[in-house]
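I opened my notebook to jot down what I could look up in this one. Here is what I went through, entry by entry.

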Amino acid sequence: ARDVVVMVSNIDEYAPYIRAVFDNAPYRFPYTIADESIVTGNNIFNAIESILSLQADSFKAEEILELLELKYIRERFFITDIAAIRHAVDAANIRFGLAGEKVNDTRLVSWEYGLQRIMYGICISGEPLLQSGNDTLIPLDTTEGNDAGELIRFWHFMQVLQSTVLQRNQPRTIANWVAYLQELIENLVFQSVEREEEDYHLLVNYLEKINVPDEVSDSVISFEVFRLSFLEMLHADKRSQVFAGVGITFCSLIPMRSIPFKVVAMLGMNFDTFPRRESKLSFNLLEKNKRKGDRNVKDNDKHLFLETILSAEKYFYLSYIGRSAKDAAHIPPSSLVDELIAYIVQGVQGEVTGKLTAMLTTAHPLHGFSQQYFNGSGLSSYLGDDRYKNTEYIPAIEKEAVVLAFDEVMLKDL
């Protein structure tokens, strides 16, 4: 497996799907993902980014429930049954907003009003109507037993989250924002006293870099400025993963990495993805007066493509999206893929020249349950899913169109 490398246009987009396939495959293969951003994946950094990206003025229900999909937040509050929580939130008609307003009735779909209904429903059963302060509400009496304990833990999570989000309104110095972020981590994501975590120590190093005293460290800034600066620093860093380490290597398309492999695969060779296009800035003076030796992203990708071909010892595999998922319309591949196929066809003599393009290209169906994977056409899904293997294909029955005859009736005759 160490002789296989898979290069993709954007490793951060492919990483979740790589893990989903290889971690759940019937046959386990060791693999390594290189050049991955530290924010990608179900880790501490991703949890912090999700919390910092919450908008206090919207506080949508789906955004909050998506936080519970993150492992560290679930473990921090001992939440296990997300389905029960989703059901309760939907039954309480919680949609958006922390408190809402009575003037436009957004109070009735807010978190504060809905959580009151959930908690009163657990504590007071059988009450049709209840007065709580200025609110008249109906307790949500649909939960008992273990689900009640799950909702109580979720209520505690919401109280901590709301308190943390409301603390953003006050501008602070960088040192105070770092202290706020440390408190957020301890209260919502990870308690450092309970266990050791490599990502936590890495996060502490980032906070120490931000909190270095300088001429602007005493300046008061808003939360949005601090959030953008901190997240930009996280996204710019990559994990220090060993390239060509254990098993199959997945990596980004980076020039000057022409290490020989027996099998080389390039994914995402779509016409609008590769070669990459350079976004020109109007205030960039270097773009106005080009000189020899100036960096050109398109030319660099062409050189990278040639390097990758030369590094393949036995097999070279290219993949691109050739059909639209909406209407199955034909989508051309990258211009470099077309050039490669044309060059191969040009160098082949004989009767197979006209069929060579079809021989070099394999078209896969959109879905894994397609009959093409089970009717002996030579295609394989490699996922070990035999549910559709013995199903019989039933062709559509063509029916003749029936012409309906109507009697003409005049309005004066009615």
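**Entry 1: Leu-202**

I started with Leu-202, which counts as partly exposed because its relative accessibility is 27%. My cut-offs: buried is under 20% relative accessible area, exposed is over 50%, and partly exposed is in between, with a 1.4 Å probe and protein chains only. Before going on I noted that this is a predicted model, where local features need pLDDT of at least 70 and side-chain atom pairs count only at pLDDT 80 or more, while totals for chains, interfaces and linings use all residues. I also noted that residues are numbered from 1 along each chain as its sequence is written, and that side-chain values use heavy atoms, with hydrogens and water left out.

Where is Leu-202? I found it in helix α9, residues 198-210. Helices (H or I, at least four residues) and strands (E, at least two) are DSSP runs, numbered from the N terminus. Leaving aside neighbours within four places in sequence, Leu-202 touches Ile-38 and Phe-45, where contact means heavy atoms within 4.5 Å. Phe-45 is 157 residues away along the chain, yet I got 9.8 Å between the two C-alpha atoms.

**Entry 2: Ser-9**

Next I looked up Ser-9, in the loop between β1 (4-8) and α1 (11-22). Is Ser-9 buried or exposed? It counts as buried, because its relative accessibility is 18%. Neighbours within four places in sequence aside, I listed its contacts as Tyr-14, Leu-253, Leu-267, Gly-268 and Thr-273.

Then I checked strand β8 (residues 261-267) and strand β9 (residues 312-318): they run parallel and are joined by 5 bridges. Two strands pair if DSSP finds at least two bridges between them. Val-263 stands opposite Tyr-315 in β9. With helix α11 (residues 297-311), β8 and β9 make a right-handed β-α-β unit. Right-handed means that, with the strands pointing away from me, the path from the first strand over the helix to the second runs clockwise.

**Entry 3: cysteines**

How many disulfides are there in the whole structure? I got 0, using cysteine sulfur atoms within 2.5 Å as the test.

**Entry 4: rings**

I counted 16 aromatic pairs. The rule: rings of Phe, Tyr and Trp (its six-membered ring) pair if their centres lie within 6.5 Å, and planes under 30 degrees apart are stacked, over 60 edge-to-face, the rest tilted. Phe-22 and Tyr-31 have ring centres 5.3 Å apart and planes at 45 degrees, so I wrote "tilted". Phe-22 is buried at 19%, and Tyr-31 is partly exposed at 21%.

Tyr-72 and Phe-190 are edge-to-face, with 6.3 Å between centres and 70 degrees between planes. Tyr-72 is in helix α4 (residues 71-77) and Phe-190 in the loop between α8 (174-189) and α9, so this pair ties together parts 118 residues apart in sequence. Tyr-72 is buried at 5%, and Phe-190 is buried at 2%.

I also found a cluster linked by ring pairs: Trp-177, Tyr-180, Phe-223, Phe-226 and Phe-230.

**Entry 5: charges over rings**

Arg-172 lies over the face of Trp-177, 5.0 Å from the ring centre. The charged end of Arg-76 sits over the ring of Phe-77, 5.4 Å from its centre. The test is NZ of Lys or CZ of Arg within 6 Å of the ring centre and within 35 degrees of the ring normal.
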